[in-house]
Amino acid sequence: MAKTFNILVLPGDGIGPEIMAEAVKVLKVFETPERKFELRQELIGGCSIDAHGKPVTEEVKQAALDSDAVLFAAVGGPKWDNQRRGLDGPEGGLLQIRKAMDIYANLRPCCSTSPSASITKEFSPFKHEVIEGVDFVVVRENCGGAYFGRKVEEATYGDDGRMGLFRSRDPTSYTSIRRSGTAAQPPWPVISLDKANVLASSRLWRRVVDKTMAAEYPQVKLVHQLADSASLILATNPRSLNGVILADNTFGDMISDQAGSIVGTLGVLPSASLNGLPGDKTLKTRPYGLYEPTHGSAPTIAGQNIANPVAMILCVALMFRYSLSMEDEAQRVEDAVRKVLDSGIRTSDLGGKAGTKEVGDAIVSAL
Ligand code: NAI
Ligand code: MG
């Protein structure tokens with residue numbers, strides 16, 4: 001009997017629909033009589049605010065929980081910028097869905113030869129000898145920390161109008177830290193970032209990471225690194241961070257964007273958000289995964305067939321790898337992307353002349 005994977009497709013706003021269309025084309029290449037993909041497409045972000053008054057509906061959250069994996073493109077744009085913020089704004093749709101799926105670990109691979117050594121060579125602002133051999137994955141705690149803090153204080157002052165003073169609490173819980181630790185899979189060394197010298201929340205982070213790693217991966221080397229100096233190391237000796245960089249929501253957000261500078265271009269970097277890996281014995285539900293590019297909705301280039309679909313297409317590879325147990329197929333997608341980029345078929349952000357659709361078609365042909 002054919003195996004059917006249920007995939008929730010969330011194109012969102014801006015360039016989202018265009019790049020998602022290419023990812024779906026690539027996904028379809030892997031349909032066989034034995035393997036079907038049942039796609040359900042829904043609204044999220046600004047388009048959901050326009051249609052339903054909220055950035056994500058309960059129905060869509062439920063659809064995410066009922067799916068085998070979620071492909072998400074990007075949300076937001078100037079239309080909604082001044083209307084809403086936080087959980088009510090377009091990005092709130094993504095935050096809410098992360099929370100509903102409890103996808104506590106955001107993985108962002110960073111490798112000097114991915115998606116292609118030729119891209120790194122041309123676009124990285126780093127000297128080749130500095131980044132040669134860089135290969136790490138940032139594991140960012142995704143469901144806690146300051147990003148989910150409540151606004152606890154607001155003040156108005158000054159003659160020149162109203163000024164908001166907001167304070168957030170940092171509710172990174174024991175469980176979310178412990179689970180981030182378990183997402184850092186061996187055999188890597190694990191480099192855990194914090195600011196334990198000044199933040200109480202970081203001292204908790206450090207204690208829990210120590211305990212989790214000692215209990216679950218005693219054979220894995222664990223290093224604690226202050227987050228600010230990790231930033232400097234990433235810019236001066238990034239190879240020394242090879243392994244897993246484990247960090248809370250805020251530090252993880254910053255270090256993973258900074259890691260994006262190694263490859264030097266946004267349009268080619270995918271990410272995976274997981275609540276565990278298949279086979280994880282501590283999982284209380286089945287594994288959930290949401291796959292999204294690291295870039296945003298790039299509203300100024302939307303609708304012109306010029307957005308780079310590569311990051312979104314590489315999300316399909318990560319989905320095959322982490323959610324669908326299709327490692328060979330994941331590698332085939334990555335190889336096809338490499339081949340197409342190396343052949344010079346590229347969008348304008350990579351100095352090429354091809355459109356979004358042409359790059360997608362070339363990757364499909366290479367497959
Ligand atoms: P952005 O990532 O959308 O764009 C940054 C720059 O990179 C722009 O010059 C853009 O044209 C370019 N770019 C991004 N993706 C590209 C692609 N695939 N191909 C070619 N060029 C690409 O970030 P920005 O400008 O800060 O934000 C734009 C909107 O996206 C905002 O409304 C923001 O809130 C939203 N956003 C959404 C995210 C998400 O949905 N996860 C993440 C980051 C931003
Ligand atoms: Mg970021």
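Axes here are lines fitted to C-alpha atoms, for helices over the stretch in contact, and angles run from 0 to 180 degrees between N-to-C directions. With that in hand, let's walk through this predicted model.

| Helix pair | Angle | Axes apart | Crossing |
|---|---|---|---|
| H12 (residues 310-322) and H13 (residues 327-342) | about 160° | 7 Å | left-handed |
| H3 (residues 58-66) and H5 (residues 90-101) | about 45° | 10 Å | right-handed |

How do H12 and H13 run relative to each other? Angles over 145 degrees count as roughly antiparallel, so H12 and H13 are roughly antiparallel to each other. H12 brings Val310, Ile313, Leu314, Val316, Ala317, Phe320 and Arg321 to the contact, and H13 brings Glu327, Glu329, Ala330, Val333, Glu334 and Val337. By class, the contact of H12 with H13 holds nine nonpolar, no polar and four charged residues.

H3 and H5, in turn, are oblique to each other. Their contact is made by Lys61, Ala64 and Leu65 of H3 with Gln96, Ile97, Ala100 and Met101 of H5. Five nonpolar residues, one polar and one charged make up the contact of H3 with H5.

And the ligand? Around ligand 1 there are 22 residues, with Gly76, Gly267, His295, Gly296 and Asn308 the closest. The shell around ligand 1 divides into eleven nonpolar, eight polar and three charged residues.

Definitions and conventions
Residues are numbered from 1 along each chain as its sequence is written. Chains are lettered from A and ligands numbered from 1 in the order in which they are written. This is a predicted model: local features need pLDDT of at least 70, side-chain atom pairs count only at pLDDT 80 or more; totals for chains, interfaces and linings use all residues. Helices (H or I, at least four residues) and strands (E, at least two) are DSSP runs, numbered from the N terminus. Angles under 35 degrees count as roughly parallel, over 145 as roughly antiparallel, 65 to 115 as roughly perpendicular and the rest as oblique. A crossing is left-handed if the near helix is turned anticlockwise from the far one by less than a right angle, and right-handed if clockwise. Two residues are in contact if their C-beta atoms, placed from the backbone, lie within 7 Å. Ala, Val, Leu, Ile, Met, Phe, Trp, Tyr, Cys and Pro count as nonpolar, Asp, Glu, Lys and Arg as charged, and the others, Gly among them, as polar. A residue is near a molecule or strand if its C-beta atom, placed from the backbone, lies within 6 Å of it.
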